[in-house]
Amino acid sequence: MTQATVSRATPPKTIVGIFSSDRKAVEAMRSLDAAGFDADRVQMTGDDPSRAAEAGGKTYALEGGIAGLLAGILLVAGFTVWGDLATDPVGLVVGGIGVVGGLTAIGFVIGRTTGRHALDAHLFARIVQNGGAIVSVQCADRECDLAAQVLDGAGAREVRDEPGPEAL
């Protein structure tokens, strides 16, 4: 069987296989692994409809978390310098951890909800909600045909070609 060489660059497409059960989706994951697809480019969702709706989409969770982290650090630094928070070292540490951690979590949540969904997001969520599973493969053009063949050969009810996160 042909081996896939998935590049580390941001892939332009996502191939999604729709399966009737988790068991078949796991078999597809094994087949993709045997075909040479890196595990960090393959994702199975069988229990969370909201996560299934994110297949082929893009979220800004990481960017939001980083923005929240930086905002928290700036806020704590500002209160340390201009608010005399430095006079109470215990308050500085406890408050700093709470503020930075809280703003990081808030940024992560906001970034995740700010994402763009693929055209078939509602279909993917409904499939998982009804007991099915999906397997998504992020790939470049030359690997997408192989990914579609592997998913089809593993028993996918349907294989869909999504534009991918950067094309949305």
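**Exercise 1. Determine how the side chains of Arg160 and Glu158 meet, and classify the exposure of each residue.**

*Solution.* Step 1. In this predicted model, Arg160 and Glu158 meet through their side chains in a salt bridge, with an N to O distance of 2.9 Å. Step 2. Step 3. Arg160 has a relative accessibility of 24% and is therefore partly exposed. Step 4. Glu158, at 35%, likewise counts as partly exposed.

**Exercise 2. State how many salt bridges the model contains, and describe the one formed by Lys13.**

*Solution.* Step 1. The count comes to 3 salt bridges. Step 2. One of them joins Lys13 to Asp161, whose closest N and O atoms are 3.2 Å apart. Step 3. This pair connects distant parts of the chain: Lys13 belongs to strand E1 and Asp161 to strand E4, with a separation of 148 residues. Step 4. Lys13 has a relative accessible area of 24%, so it is partly exposed. Step 5. The value for Asp161 is 46%, which places this residue in the partly exposed class.

**Exercise 3. Locate the salt bridge between Glu27 and Arg23, and decide whether each partner is exposed or partly exposed.**

*Solution.* Step 1. A salt bridge with an N to O distance of 3.0 Å brings the side chains of Glu27 and Arg23 together. Step 2. Both residues are part of helix H1, where they lie 4 residues apart, about one turn of the helix. Step 3. The exposed class requires over 50% relative accessible area. Step 4. Arg23, at 53%, therefore counts as exposed. Step 5. Glu27, at 33%, is partly exposed.

**Exercise 4. Give the strand order of the open sheet, and explain why one side of strand E2 and of strand E4 has no neighbour in the sheet.**

*Solution.* Step 1. The open sheet has 4 strands in the order E2-E3-E1-E4, and their pairing is antiparallel. Step 2. Step 3. On average, neighbouring strands are turned by 20 degrees against each other, direction ignored. Step 4. Within the sheet, strand E1 (residues 13-19) and strand E3 (residues 133-139) run antiparallel and are joined by 7 bridges. Step 5. Thr14 stands opposite Gln138 of E3.

**Exercise 5. Classify Ser136 as buried or exposed, and list its contacts beyond four places in sequence.**

*Solution.* Step 1. Ser136 is a residue of strand E3. Step 2. The buried class lies under 20% relative accessible area. Step 3. Ser136 has 8% relative accessibility and is therefore buried. Step 4. With neighbours within four places in sequence left aside, Ser136 contacts Thr14, Ile15, Val16, Arg41, Val42, Gln43 and Ala55.

**Exercise 6. Identify which members of the largest nonpolar core touch the most other members, and which elements supply the core.**

*Solution.* Step 1. The largest nonpolar core has 19 residues, of which Phe19, Leu32, Phe37, Val135, Val137 and Leu151 touch the most other members. Step 2. At least two residues of this core come from each of E1, helix H1 (22-34), E3 and helix H6 (141-153). Step 3. H6 supplies the largest share, 5 residues. Step 4. Apart from this core lies another, of 8 residues, including Val16, Ile18, Ala52 and Phe124. Step 5. Leaving aside neighbours within four places in sequence, Leu151 is in contact with Ile15, Val16, Gly17, Phe19, Ala28, Leu32, Val135, Val137, Ala156 and Val159.

Conventions:
Residues are numbered from 1 along each chain as its sequence is written. This is a predicted model: local features need pLDDT of at least 70, side-chain atom pairs count only at pLDDT 80 or more; totals for chains, interfaces and linings use all residues. Side-chain values use heavy atoms; hydrogens and water are left out. Two strands pair if DSSP finds at least two bridges between them. Axes are lines fitted to C-alpha atoms, for helices over the stretch in contact, and angles run from 0 to 180 degrees between N-to-C directions. A nonpolar core is a set of buried Ala, Val, Leu, Ile, Met, Phe, Trp, Tyr and Cys residues joined through side-chain atoms within 4.5 Å. Buried means under 20% relative accessible area, exposed over 50%, partly exposed in between (1.4 Å probe, protein chains only). Contact means heavy atoms within 4.5 Å. A salt bridge is a side-chain nitrogen of Lys or Arg within 4 Å of a carboxyl oxygen of Asp or Glu.
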